[in-house]
Amino acid sequence: MIDRGDLWLVILGLGLGSFALRFLFLGLVGDRPLPEWLTRHLRYTAVAMMPALVAPLVAWPAATGGQTDPLRLLATAATLGVGLLTKNVILAILSGAVAMVAGGYLLG
Amino acid sequence: MPTPSSNYWQGFQAGLPFLLVIAPFGTLFGVLATEAGLTVFETLSFSVVVIAGAAQFVSLQMLQDHVPTLIVLASALAVNLRMAMYSAAITPHLGGLPLWKRALSAYFLVDQTYAASALEFEKHPEKTLAQKFAFFMGAMTPICPPWYAFTLLGAWLGEAVPADFGLDFALPIAFLAMIAPALRTGAHVVAALVATLATLLLAFLPYNLGVLCAATLGMAAGAETERRMQK
């Protein structure tokens, strides 16, 4: 169970922080350009953060008590594979879900 | 001479295709949040106050893992750092607006409103400030209010879905699906691979600090690869 204080702290803190990031330049900095090295790093925040977060969830799923699980590896491969081939987020999610459900029946 | 309202409708049409992304993701967030024990009101507040899909999923996952609040905030804000880039990129177009309109635009500045507007403003730099603001508000309309609405729908659905439904893996699947199309260049692939390897090697670190360190290493690797490829 998530602690109520923690939850609201995250909702409000994240709301304020995200607004600050969005307002930073539009509201405060004006149209002065960012240093090159900074924008170069910022371009890779999403593609670095997402795999960093998701890889441990794939390798050691909490639902199986941290044991590597063939079913979840299969769903991962299906999602990533279809995502890379089609560049279509929704299709990739559906493939992962189908692999998860179908694999669940086959692997028992 | 186009009127502000026709720019509003142009924006609306530019934003409309993103509804195909907003609807399933908003619904999924609503379902997962209620599965995690959030009330309908808490779930809706999350989407209205934060209004950033990926960061909401990240913080929800970490809250469930009982990660300390400061680490949750740092990780989710790191996911949202790209918003600062959007803010910088949109400033030459909307920076002349009065403060309250800039604040309003900043609140609605998300991946999809940015994508729709940046494309249009680059194609039509001759648009006036008022026309650009009208376009932006038009693009926001089929993106942001539906984000709240589908979160709410998901929250109601989530209350009806039994808790043990293999939903634990819905979130990783959603992330994995978002990663693949984001791997646009070799540098993006390097960033993702380094982050993946580092997060697995650093998993022993407490408080999910391994995730933050791995993401930082991934960013540095991506930036460095890009710099070398330009030479």
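**Questions about chains A and B**

Me: What makes α2(B) mostly covered?
Reply: Twelve of the 17 residues of α2(B) are buried. This is a predicted model, so the answer is about computed positions. A residue is called buried if 20 or more other C-beta atoms lie within 10 Å of its own. The residues of α2(B) that pass include B:Ile22, B:Phe25, B:Gly26 and B:Thr27, and the list runs on through B:Leu28, B:Phe29, B:Gly30, B:Val31, B:Leu32, B:Ala33, B:Thr34 and B:Glu35.

Me: What covers the buried residues of α2(B)?
Reply: The cover includes four helices of chain B, namely α3 (40-50), α4 (53-64), α10 (144-160) and α11.

Me: How do you know that the length of helix α2 of chain B agrees with its number of residues?
Reply: Helix α2 of chain B runs over residues 19-35, which is 17 residues. The expected span is 1.5 Å times one less than the number of residues, so it should be 24 Å. The end C-alpha atoms are 24 Å apart, and therefore the two values agree. Just after α2(B), B:Gly37 takes a positive phi of about 100 degrees.

Me: Why is B:Pro17 called exposed?
Reply: B:Pro17 has 12, so it is exposed. Its place is the loop between α1 (4-15) and α2 of chain B. From B:Pro17 to B:Pro142 the separation is 125 residues in sequence and 8.6 Å in space, C-alpha to C-alpha.

Me: Why does B:His66 count as exposed?
Reply: The cut-off is again 12 or fewer. B:His66 has 12 C-beta neighbours inside 10 Å, so it counts as exposed. B:His66 sits in the loop between α4 and α5 of chain B. It also has a positive phi, about 55 degrees, although it is not a glycine.

Me: And why is A:Lys87 called partly exposed?
Reply: A residue is partly exposed when its number of C-beta neighbours falls between the exposed limit of 12 and the buried limit of 20. A:Lys87 has 14 other C-beta atoms within 10 Å, so it is partly exposed. A:Lys87 lies in the loop between α4 (70-86) and α5 (89-107) of chain A. Its phi is near 55 degrees, a positive value in a residue other than glycine.

Me: Which residues of chain A have the name "transmembrane region", and where does it come from?
Reply: The name comes from UniProt, in an unreviewed entry, and it covers residues 6-30, 42-63 and 89-107 of chain A. The model can be set beside two of these spans. Residues 89-107 of chain A are 100% helix and 0% strand, with end C-alpha atoms 26 Å apart. Residues 42-63 of chain A are 73% helix and 0% strand, with end C-alpha atoms 33 Å apart.

Me: Which residues of chain B does UniProt list under "transmembrane region"?
Reply: The unreviewed entry lists residues 12-32, 38-58, 70-90, 133-158, 165-183 and 189-222 of chain B. In the model, residues 12-32 of chain B are 86% helix and 0% strand, and their end C-alpha atoms are 29 Å apart. Residues 38-58 of chain B are 81% helix and 0% strand, with 15 Å between the end C-alpha atoms.

Me: How many residues of chain B are in contact with chain A, and what makes a contact?
Reply: A contact needs C-beta atoms within 7 Å. By that rule, 76 residues of chain B are in contact with 63 residues of chain A. Helix α11 (residues 170-182) of chain B gives the most to the side of chain B that touches chain A, with eleven residues. That side of chain B holds 54 nonpolar, 16 polar and six charged residues.

Me: What are the domains of chain B, and how many residues link them by contact?
Reply: The domain assignment gives domain 1 (4-166) and domain 2 (183-231). Seven residues of domain 1 of chain B are in contact with six residues of domain 2 of chain B. Helix α5 (residues 69-79) of chain B gives the most to the domain 1 side, with four residues. The C-alpha centres of the two domains lie 25 Å apart.

Me: Which residues touch the most other members of the largest nonpolar core?
Reply: They are A:Ala48, B:Ala191, B:Ala195 and B:Ala215, in a core of 109 residues. Helix α3 (residues 45-59) of chain A gives the most to this core, with eleven residues. Leaving aside its neighbours within four places in sequence, B:Ala191 is in contact with A:Tyr44, A:Val47, A:Ala48, B:Gly218, B:Met219, B:Ala221 and B:Gly222.

How values were computed
Residues numbered from 1 in each chain as written. Chains lettered and ligands numbered in written order. Predicted model: local features only at pLDDT ≥ 70, side-chain atom pairs only at ≥ 80, totals over all residues. Contact = placed C-beta atoms within 7 Å. Helix = DSSP H or I, 4+ residues; strand = E, 2+ residues; numbered from the N terminus. Nonpolar A, V, L, I, M, F, W, Y, C, P; charged D, E, K, R; others polar. UniProt positions renumbered as here; feature names shortened; annotations may be inferred. Domains from an automatic or database assignment. Core = buried A, V, L, I, M, F, W, Y, C linked by C-beta atoms within 7 Å.
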